[in-house]
Amino acid sequence: VTASRWSPARLAISIALGIVVSAILATLCLLVGSTGSVGWPANRDVLSERLDIVLLASLVGAALASAGVVYQAILRNPLADPYLLGVSTGATLFAYLWELPAATALLAVIGGQGQYLGQQAFAFLGALVSVAIVFLLASRRGRLEPVTLLLVGVIVNAVNGAIFLLLNAVVKDPATPGGPLALLVGGLQQTLPAGHRLAAAVCVAIGWAVMLYLAGALHAAGLSDSEASALGVRIHRLRWAALVVASLVTAAAVSVSGPIGFVGLICPHLARLAVGNDPRRLLPLATALGAGLLAAADAAARVLARPGAAGTTLPVGVLTGLVGGPFFLLLLLRGRNER
Amino acid sequence: VGGDNFMNDLLTIAGGENVLPDGSESYPAIDREQLIALKPEAVLNLLPGASPQSQQKAQAFWAAAPSVPAIQNGRVYYLTEDYLLWPGMNVGNVAERFAEKLHPESQSRPSTRNAASLNRKPEEPQRHRVTEACLTSDPAFQISQFNCWQDKEHRASTGPLCLCASVALQNPEAA
């Protein structure tokens with residue numbers, strides 16, 4: 001599928017194009033609201049409300065999609081998604097721990113000055129702890145093997161989920177809307193302090209730059225370990241760097257949104273249809289796709305929330321899962337028929 | 001909360017008016033844009049048993065929507081009693097908490113009767129409790145009725161028991 005040679009100029013063009021397209025999409029998303037009103041909001045508060053949520057959706061979508069590209073390349077597994085290594089369940093578990101009265105004293109100590117450490121910061125910490133455990137358990141003599149990583153990741157995810165449900169059973173929260181079970185499906189948070197959003201954005205931006213820097217080597221890493229080494233890629237070092245950076249980017253996204261499914265899995269595949277398997281081309285396009293798609297999905301969730309229709313704002317994770325799953329199957333089946 | 005549930009009834013009993021209409025979904029999750037459009041004059045944020053950090057999070061949520069009238073008037077109230085969402089013997093207390101917040105100026109607190117004490121015989125074991133709607137002929141009492149389980153097996157032996165809120169505002173017209 002790859003047509004012409006990759007060059008920095010092409011990269012600059014594709015990044016610029018990605019920014020323009022996702023900006024246009026984001027502007028369109030500003031026009032729809034959860035009250036059923038369509039058009040530019042007259043109320044400044046409503047505008048800033050929508051702007052917040054659209055920007056956040058774009059950030060999270062971009063982060064998940066770009067991390068997905070890196071995970072799929074470095075693990076050599078097309079089914080890899082950003083949640084495979086325990087990031088999402090670690091964040092979810094810690095976000096839940098944060099709410100419990102038992103955590104009050106600890107949070108006050110970390111937060112200091114009568115302020116409690118925020119839920120997002122704690123979720124970020126949880127994601128890092130969880131992924132660190134996965135790395136620790138999966139590494140042998142300082143090396144990470146993809147298959148071991150995937151298995152350990154699946155198991156740590158399962159254990160995190162079990163602890164979450166165990167706590168939920170012991171604490172006996174009433175099943176209220178917005179309660180702990182809502183943490184299990186991703187939705188964009190509306191209670192974020194500006195600082196948290198900024199921190200997440202900075203984390204994603206730096207991580208994205210590093211991932212782009214690694215993209216060339218990642219292309220070679222798609223071959224076998226020995227072939228990649230023969231091409232001068234220090235494969236084990238690259239694997240560590242790429243996985244740590246992608247996990248940080250994912251953790252930043254998950255801590256402000258919860259585990260939103262399928263974006264990190266599907267966007268790299270969609271982009272691959274257009275530009276082939278080279279991460280250097282894939283990364284900018286998948287990022288733009290992720291940003292645009294999640295912003296659009298969130299806008300759709302808001303339209304569906306019109307009081308006449310459902311009354312309840314759907315968590316965007318429900319929508320991405322419902323639409324993304326069948327869509328992914330469609331891609332898979334079509335690819336199979338063509339072969 | 002939307003209409004058609006016991007929280008909505010308790011709110012009405014306490015002299016409040018729900019911004020969401022009757023017949024709307026019972027427990028909708030609405031976002032901030034919908035809140036701005038609904039223009040609530042007062043907000044009762046129920047956080048039963050919430051930890052201080054969760055309360056702080058709720059405060060941050062409301063502080064970020066300055067154009068909601070309730071925030072401009074400083075009328076967002078946080079209630080943390082454990083029993084707030086239990087459709088049980090404390091419903092009268094819940095209505096009382098609501099009324100305190102909604103009508104702080106009113107000297108006459110609503111007189112409440114926690115319904116569980118209405119018909120209950122002290123010797124009845126709790127698991128034999130059979131719930132029925134409250135009925136009263138006293139017009140000063142507004143009656144809330146909500147869905148309860150009925151234990152037919154034990155009904156004959158223990159007799160019915162009302163479990164519902166009956167709260168009277170001493171001056172209902174003023175609400």
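Is Glu100(B) buried, partly exposed or exposed? Glu100(B) is partly exposed, with 26% relative accessibility. Here, buried means under 20% relative accessible area, exposed means over 50%, and partly exposed lies in between (1.4 Å probe, protein chains only).

A few ground rules before the points. This is a predicted model, in which local features need pLDDT of at least 70 and side-chain atom pairs count only at pLDDT 80 or more, while totals for chains, interfaces and linings use all residues. Residues are numbered from 1 along each chain as its sequence is written, chains are lettered from A and ligands numbered from 1 in the order in which they are written, and side-chain values use heavy atoms, with hydrogens and water left out.

1. Let us stay with Glu100(B). Its side chain forms a salt bridge with that of Arg97(B), at 3.1 Å from N to O. A salt bridge is a side-chain nitrogen of Lys or Arg within 4 Å of a carboxyl oxygen of Asp or Glu. Both residues belong to helix H5 (residues 91–102) of chain B and are 3 residues apart, about one turn of the helix. Helices (H or I, at least four residues) and strands (E, at least two) are DSSP runs, numbered from the N terminus. Arg97(B) has a relative accessible area of 17%, so Arg97(B) is buried.

2. Some salt bridges share partners: Arg76(A), Asp225(A) and Arg239(A) are joined in this way into one network. Over all chains, the count is 8 salt bridges.

3. Now look at Asp52(A) and Arg197(A), whose side chains meet in a salt bridge of 3.6 Å, N to O. This pair links distant parts of the chain, since Asp52(A) sits in helix H2 (residues 44–74) of chain A and Arg197(A) in helix H7 (residues 194–221) of chain A, 145 residues apart. Asp52(A) is partly exposed at 28% relative accessibility, and Arg197(A) is partly exposed at 23%.

4. Another salt bridge joins the side chains of Arg280(A) and Asp278(A), at 2.9 Å from N to O. Which of these two partners is buried? Asp278(A) is, because its relative accessibility is 4%, whereas Arg280(A) has 23% and counts as partly exposed.

5. Step back to chain A as a whole. Chain A holds 12 helices and 2 strands, and their order along the sequence is α-α-α-α-α-β-β-α-α-α-α-α-α-α. Its radius of gyration is 20 Å, close to the 20 Å that the globule rule gives for 339 residues, so chain A is as compact as a globular protein of that length. The radius is taken over C-alpha atoms, and the rule is 2.2 Å times the number of residues to the power 0.38. Along the principal axes, the C-alpha atoms of chain A fill a box of roughly 55 × 50 × 40 Å.

6. Of the 339 residues in chain A, 50% count as buried. Among contacts (heavy atoms within 4.5 Å) in chain A between residues at least 6 apart in sequence, 76% join residues at least 24 apart.

7. To finish, return to chain B and find Ala64(B), in the loop between helix H3 (52–63) and helix H4 (69–72). Ala64(B) is partly exposed, at 41% relative accessibility. The C-alpha atoms of Ala64(B) and Met7(B) are separated by 26 Å, and the two residues are 57 residues apart along the chain.
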